[in-house]
Amino acid sequence: MALKEVERTLQENGIETEWIHIGNKDIRGCIGCGYCRTHGECVFNDLVNETATKFEEADGIVVGSPVYFAQANATLTAFLTRLFYSTPFDKTMKVGASVVACRRGGASATFDQLNKFFTISQMPVVSSQYWNSIHGRSAGEAREDGEGLQIMRTLGRNMAFLIKAIAAQKEKDGLPVKEDEHIFTNFIR
């Protein structure tokens with residue numbers, strides 16, 4: 001319900017959308033084999049590799065999850081870990097937003113968990129007037145969360161604005177300049 005509210009608002013603001021459902025898919029976690037570094041795709045040929053091309057072409061991504069034990073759905077976490085790790089393209093300035101649904105608690109922890117995929121990839125994180133969460137226990141109950149629905153509409157408008165603003169700036173001046181080499185610090189000496 002929350003994602004449909006975001007989608008409707010994005011579309012009202014001229015942004016095309018596409019859904020990819022993964023919650024009921026058999027997605028295994030990353031095994032750190034390094035196959036993707038030499039082949040440009042994950043060794044497990046499933047929805048992750050199918051989604052990679054769409055992700056590369058997209059200006060932004062909205063990720064939604066129910067809250068389970070104060071964290072995102074495990075299938076989603078495995079999917080995102082492999083998608084972000086195995087794709088060799090630059091994600092800088094693609095817009096990212098996370099949406100979480102919970103009964104009562106764990107929303108902010110899950111929201112933080114999902115946003116880390118974006119920040120580690122130099123993707124601007126879209127905010128709303130509060131954390132991007134909606135509340136309800138059973139099917140349809142979130143319709144009663146007026147604030148949560150308003151948060152989703154605000155998120156959709158903010159995301160549409162950022163996508164358009166970044167596209168205009170990218171056309172004018174290109175992407176931000178990156179340093180020649182990424183520096184990795186090892187804290188164990």
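Predicted model: local features only at pLDDT ≥ 70, side-chain atom pairs only at ≥ 80, totals over all residues.

Trainee: Which way do E1 and E2 run, and how many bridges join them?

Mentor: They run antiparallel, joined by 2 bridges. For one of the partners, look at Val-67, which is bridged to Ala-72 in E2.

Trainee: And E1 with E3, parallel or antiparallel?

Mentor: Parallel, over 7 bridges. Val-62 has Ala-97 in E3 as its bridge partner.

Trainee: What about E3 and E4?

Mentor: That pairing is parallel too, with 3 bridges, and E4 covers residues 133-135. There you'll find Cys-102 opposite His-135 of E4.

Trainee: How many of E3's residues are buried?

Mentor: 7 of its 8 residues, so the strand is mostly covered.

Trainee: Switching to helix pairs. At what angle do H3 and H4 pack?

Mentor: About 55°, and their axes are 10 Å apart. H3 is residues 47-57 and H4 is residues 74-86. That angle makes H3 oblique to H4.

Trainee: Left-handed or right-handed crossing?

Mentor: The crossing of H3 and H4 is right-handed.

Trainee: Which residues meet there?

Mentor: From H3 you have Leu-47, Val-48, Thr-51, Ala-52 and Phe-55. On the H4 side they meet Phe-79, Arg-82, Leu-83, Phe-84 and Ser-86. By class, the contact of H3 with H4 has 7 nonpolar residues, 2 polar and 1 charged.

Trainee: How do the axes of H4 and H5 cross?

Mentor: At roughly 10°, coming within 11 Å, with H5 spanning residues 107-119. H4 and H5 are therefore roughly parallel to each other.

Trainee: Who makes that contact?

Mentor: H4 brings Leu-76, Thr-77, Leu-80, Thr-81 and Phe-84, while H5 brings Gln-113, Leu-114, Phe-117 and Phe-118. The contact of H4 with H5 splits into 6 nonpolar and 3 polar residues, with no charged ones.

Trainee: So what's Phe-84 doing in both lists?

Mentor: Phe-84 of H4 takes part in the contact with H3, and Phe-84 also belongs to the contact with H5.

Trainee: Last topic, backbone angles. What's the phi of Ala-70?

Mentor: It's positive, about 60°, although Ala-70 is not a glycine.

Trainee: Where does Ala-70 sit?

Mentor: Ala-70 is in the loop between E1 (60-68) and E2 (71-72). The relative accessible area of Ala-70 is 42%, so the residue counts as partly exposed.

Trainee: Which value does Met-93 have for phi?

Mentor: Near 70°, again positive in a residue other than glycine. Met-93 is found in the loop between H4 and E3, the strand at 95-102.

Trainee: And what's the relative accessible area of Met-93?

Mentor: It's 28%, which means that Met-93 is partly exposed.

Definitions and conventions
Residues numbered from 1 in each chain as written. Heavy atoms only, no water. Axes fitted to C-alpha atoms, helices over the stretch in contact; angles between N-to-C directions. Helix = DSSP H or I, 4+ residues; strand = E, 2+ residues; numbered from the N terminus. Parallel < 35°, antiparallel > 145°, perpendicular 65-115°, else oblique. Left-handed = near helix turned anticlockwise from the far one by under 90°. Contact = heavy atoms within 4.5 Å. Nonpolar A, V, L, I, M, F, W, Y, C, P; charged D, E, K, R; others polar. Buried < 20%, exposed > 50% of the residue type's maximum accessible area, 1.4 Å probe, protein only. Pairing = 2+ DSSP bridges.
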